[in-house]
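Dear colleague,

Please find below the structure for your review.

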Amino acid sequence: MLRDAVGGTTPSRTRTHREVVLRVLEELPGPATAYVIHHRARDTGARIGLTTIYRHLASLVETGTAGAMRDDTGQHLYYLRSDDGRTHTLMCTSCSLGVPVEATVVAQWAVETAVAHGFSDIYLSAALTGVCPRCRTTGSSK
């Protein structure tokens, strides 16, 4: 058994690394690059490579556990999804502050539109971005 970076034991290094990535995503104040996630994971003492971070992020995005968006420079930013199909996150493009927002109407529209076109197993991914009040008043917007 391996002792993982989040305090438990596990028979699988993959599970340990996945838990490390999830823990880092939970602690982030907003979306972050894989490089930042890697740096934070290493700061916790985890022995994990950047390639492993990318692999787990891709898996988490594929399962809907995490989300990915691009910033204005084209870099991918990753975040832990906490929505239930009705709540999404409005993110500041300057400081990456994330604010949950109700999105029931948008989710309903997406499902109805997809079904009207014969689609099933609908997965909704929407990026809501803007500049938060703090960045707007301090002139920190990009």
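The sulfur of Cys 92 lies 3.7 Å from the closest cysteine sulfur, that of Cys 132, which is too far for a bond; a disulfide is a pair of cysteine sulfur atoms within 2.5 Å. The sulfur of Cys 132 in turn has its closest cysteine sulfur in Cys 135, at 3.6 Å, again too far for a bond. A search of the whole structure accordingly gives zero disulfides. Cys 92 counts as buried, at 6% relative accessibility, and Cys 132 counts as buried at 9%. Here buried means under 20% relative accessible area, exposed over 50%, and partly exposed in between, with a 1.4 Å probe and protein chains only.

Please note that this is a predicted model, in which local features need pLDDT of at least 70 and side-chain atom pairs count only at pLDDT 80 or more, while totals for chains, interfaces and linings use all residues. Residues are numbered from 1 along each chain as its sequence is written, and side-chain values use heavy atoms, with hydrogens and water left out.

Helix 2 spans residues 34–43, and its buried residues are Ala 34, Ile 37, His 38 and Ala 41. Seen down the helix axis, these buried residues fall within an arc of 100°, so they line one face of helix 2; the arc is that of the directions from the helix axis to the C-beta atoms. The face turned away from the buried side carries the exposed residues Tyr 35 and Asp 43. Just after helix 2, Gly 45 takes a positive phi of about 95°. Helices (H or I, at least four residues) and strands (E, at least two) are DSSP runs, numbered from the N terminus.

Ile 37 also belongs to the largest nonpolar core, which has 16 residues; Val 21, Leu 25, Ile 37, Ile 53 and Leu 57 have the most contacts inside it. Such a core is a set of buried Ala, Val, Leu, Ile, Met, Phe, Trp, Tyr and Cys residues joined through side-chain atoms within 4.5 Å. Helix 1, helix 2 and helix 3 (50–63) each supply at least two residues of this core, and helix 1 gives the most, with four residues.

Yours sincerely
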